[in-house]
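The sequence and the model are shown first, and the main points follow by topic.

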Amino acid sequence: MSTKLAVIAGDGIGPEVVREALKVLDAVEGVYHPQVTVEMLPYGADHFLATGETLPPAEMRRLGQDVDAILVGALGDPRVPGNEHARDILLGMRFQLDLYVNERPARLFDARLTPLKGKRPSDIDLMIFRENTEGLYVAVGGTFKHGTPDEIAIAEELNTRKGVERIIRYAFAWAAARGKTKVTMADKANAIPAHALWRRVFEAVGSEHPEIRRETRYIDALAMDLVRTPEAFEVIVTGNLFGDILSDLASALVGGLGLAPSANRNPSGVTMYEPVHGSAPPLAGKDVANPMAAILTLAMMLTDRGAAAAGAAVERAVREAIAHGVGTPDVGGTLGTRAVGDWIAERVRRG
Ligand code: NAD
Ligand code: IPM
Ligand code: MN
């Protein structure tokens, strides 16, 4: 299967980590021939500041129709304090390409990486399914009497039956296909009556999978237990904002954002791949950002695109790097972004 991959390297450390992921893709191509053609797109803060353009509508359509996969570095730049370009590009793709599944795994590769006492790799292996097209992210609402003492700012949380059902359905199907034994849903139905919809749908869809245990948890207590007993979680399904927060928390349990990959999926369309982390402006241009999240994101893409051996080889190379103490400072290493990318690429090249 050949793959047309569009790349938006974006802002801050985005281009630095994407460069290393593409270096590893180059190495993969010499060994596994996954037939990926790469097209670099210019969108991001520089382009926005120079042209006023975020992601043009025609380009958005093309991404939805003519491209198999999209790789994003990160978007967000202090020169755009309102973040409008990032919302247009990143949330724009999620909403307009209907990428309703945000899949964010957290797996502990090495006991040294977790800040939790006594936890082993087998204790932390979970998947977060974050609803990616609704919730508090829809920008329904507005402000009134802006800048006055009577200012009002309203953000509505959108939960549709269709939207809630499809992400819950996806999570159960994913769990069933992998022999998982439990799916946990995080909500705040005790304070937000609208979340009762999530509970009803979870019950209805979950009962179609009698072999999988269902657990509903309030987000606050779940966040606590994720730290205390991560081994109790296999699959977590939740709304957009809670999923955003939980995925950064989960990354911290397994070594941090520098190791956290993700996929934004429209199961009947294109998938957008990105590390969970942002543009980390203080790290940009210093060759210190960890490229492993971007490289593991590439591995997800390769596996999805039918190049499972290549995806597995890339992941194995990252695991070996960690095992050898090869890494950037955030994971206790002493190397720079480029050197870590070189090491992993070389490891892949050797097959
Ligand atoms: P961030 O993820 O950029 O950084 C959070 C912390 O993690 C910082 O301490 C940073 O140094 C560290 N970190 C992140 N990635 C790292 C890496 N690869 N290697 C080593 N350390 C890493 O989040 P933030 O600081 O809240 O946001 C910065 C900008 O990024 C903002 O504009 C935000 O909106 C944007 N952002 C974009 C995305 C995205 O494009 N998907 C995701 C999150 C944040
Ligand atoms: C993420 C990011 C984005 C989000 C921001 C940049 C809008 O934090 O991908 O996790 O909140 O979804
Ligand atoms: Mn986030």
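Which residue is the bridge partner of Leu 71 in β12? The partner is Tyr 273. The model is a predicted one, and the points below begin with the sheet to which β12 belongs.

**The sheet**

- Ten strands make up an open sheet with mixed pairing, in the order β2-β1-β3-β12-β11-β4-β5-β10-β8-β9.
- The edges are held by β2 (36-41) and β9 (213-218); each has a single partner strand, so one side of each lacks a neighbour in the sheet.
- On average, neighbouring strands of this sheet are turned by 20° against each other, direction ignored.

**Strand pairings around β12**

- β1 (residues 3-10) and β3 (residues 69-74) run parallel and are joined by 5 bridges; in this pairing, Leu 5 stands opposite Ala 69 of β3.
- β3 is in turn joined to β12 by 3 bridges, and these two strands also run parallel.
- β11 and β12 run antiparallel, with 5 bridges between them, and they form a hairpin in which 5 residues separate the two strands.
- Tyr 273 in β12 has Ala 263 opposite and is also the bridge partner of Leu 71.

**Burial of β12**

- Of the 5 residues in β12, 5 are buried.
- Both faces of the strand are covered: Thr 271, Tyr 273 and Pro 275 lie on one side, Met 272 and Glu 274 on the other.

**Helices on the sheet**

- Helix α4 (residues 84-96) lies across β1, β3, β4 (101-107), β5 (125-131), β11 (261-265) and β12 (271-275), and runs at about 140° to β12.
- Helix α5 (residues 161-177) packs on the sheet as well, touching strands that include β5, with whose direction its own makes about 160°.

**Aromatic pairs and charges over rings**

- The model contains 3 aromatic pairs. Among them is the edge-to-face pair of Phe 129 and Tyr 170, at 5.6 Å centre to centre with 65° between the planes.
- This pair connects strand β5, which holds Phe 129, with helix α5, which holds Tyr 170, across 41 residues.
- Phe 129 is buried at a relative accessible area of 0%, whereas Tyr 170 is partly exposed at 21%.
- Phe 129 also forms an edge-to-face pair with Trp 174, at 5.4 Å and 70°; these two residues are 45 apart in the chain.
- Trp 174 counts as buried, because its relative accessibility of 13% is under 20%.
- Phe 129, Tyr 170 and Trp 174 form one aromatic cluster.
- The charged end of Arg 130 sits over the ring of Tyr 137, 5.1 Å from the ring centre, and that of Lys 182 sits over the ring of Phe 233, at 5.6 Å.

Technical notes:
Residues are numbered from 1 along each chain as its sequence is written. Chains are lettered from A and ligands numbered from 1 in the order in which they are written. This is a predicted model: local features need pLDDT of at least 70, side-chain atom pairs count only at pLDDT 80 or more; totals for chains, interfaces and linings use all residues. Side-chain values use heavy atoms; hydrogens and water are left out. Two strands pair if DSSP finds at least two bridges between them. Helices (H or I, at least four residues) and strands (E, at least two) are DSSP runs, numbered from the N terminus. Axes are lines fitted to C-alpha atoms, for helices over the stretch in contact, and angles run from 0 to 180 degrees between N-to-C directions. Contact means heavy atoms within 4.5 Å. Buried means under 20% relative accessible area, exposed over 50%, partly exposed in between (1.4 Å probe, protein chains only). Rings of Phe, Tyr and Trp (its six-membered ring) pair if their centres lie within 6.5 Å; planes under 30 degrees apart count as stacked, over 60 as edge-to-face and the rest as tilted. A charge sits over a ring if NZ of Lys or CZ of Arg is within 6 Å of the ring centre and within 35 degrees of the ring normal.
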